[in-house]
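Here is a short briefing to read alongside the model. Please take a look at the sequence and structure, then go on to the notes.

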Amino acid sequence: MLGHQIQKWPSSIKKIQKNQDALIFLIFLFISTAFWFFNALRDDYTTELSYPVRFINLPENKIITETSNEKVVFRIRANGYAILRQFLSGTRVPMNYDVSQLRRTNRRGEEFAFILAREQQGMIRDQLLVGIELLSIEPDTIFIKLDQLVTKNFPIRMNGKIDLEKQFLIAGNILFDPDSVEVSGPKQILDTLTHVSTQPFNADRLRETTSRRIGLKPISQLQYNIQHTNVTIPVEPFSEQTMSVPLHVTGLPDTLRIKTFPPEIRVTFRAGLSQFERIHFSDFVATVDGSVALRPDRPQRLRVRLEQTPENVYSVDYSPLFVEYLIERRR
């Protein structure tokens, strides 16, 4: 066993020597590359620098809705050392443009502000290190579109899907707290807005009243004074009930009257258990149009219409749909 290990030593020594040779080669390669790189930095080069654009000091009643450019590009010339220092200096802060000092113009009734690049050469050179020559600036003109800043209140609407357990229903209006949001933004956008929606959400298999804190769906260029609302979904068990509702005849002169057969209809509906005590037959209004019976081609039966139903009732049905009738003259 010992002899076998002694035989492996020469091969191990050769592997170590090869690794050392490779390491030495890499060190010399790195050194030669570094010498070449630093020597190349002595030459002059032409390159481009990109700076973000930021607009400051907007008038209180104005907002920027559009910009022609979000950055400016400087074409510069300098030796490699100066360009490298410029890149590493971290001085490429946003170019600040004072909107209150920009020139104004109108195009087809829309207000714009603009600035010429040549007017900013002094400020741009202040961003560059010594030894760097500024050759050109692109774009040569920057436009921004200004719109009137408006603030309005809008109602909040739910953007969600509600799934209920069997024998349960939504017992009333879905409530929001707060139920409106103050929106600030361009007038042209607010003029098209009717409400603000919540973020999409799902409420699955509800069997009791549920409350959730939901975010508001953002709209580009608009700002809200709140970011969330509390949504309450009232849920309760429901039952079915049937009521007799008298028929009312409309469209007749005072000298005539109509008797219907039957004189009332049966209305079947669903409602939450807490609502039944509040529902009365007088909350329903069922009618027939008596003027139809005065036509030469009068029908044999009159159509029944359910004109009014109380709030918070669902799946309303009634019968019969048609009734027979008899016309009588009033004494």
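**Backbone notes on a predicted model**

P262 sits in the loop between β19 (256–261) and β20 (264–272); strands here are DSSP runs (E, at least two residues), helices are runs of H or I with at least four residues, and both are numbered from the N terminus. This is a predicted model, in which local features need pLDDT of at least 70, side-chain atom pairs count only at pLDDT 80 or more, and totals for chains, interfaces and linings use all residues. Residues are numbered from 1 along each chain as its sequence is written, and side-chain values use heavy atoms, leaving out hydrogens and water.

**Cis peptide bonds**
- The bond from F261 to P262 is cis, with omega near 0°.
- D177 and P178 are also joined by a cis peptide bond, with omega about 0°.
- P178 lies in the loop between β11 (175–177) and β12 (180–186).

- N312, which is not a glycine, has a positive phi of about 65°.
- The loop between β22 (301–308) and β23 (313–319) holds N312.
- N312 is partly exposed, at a relative accessible area of 25% (buried is under 20%, exposed over 50%, partly exposed in between, with a 1.4 Å probe and protein chains only).
- S315, another residue other than glycine, has a positive phi near 50°, and its place is in strand β23.

**The chain as a whole**
- The chain has four helices and 24 strands.
- Of its 331 residues, 31% count as buried.
- Among contacts (heavy atoms within 4.5 Å) between residues at least 6 apart in sequence, 74% join residues at least 24 apart.
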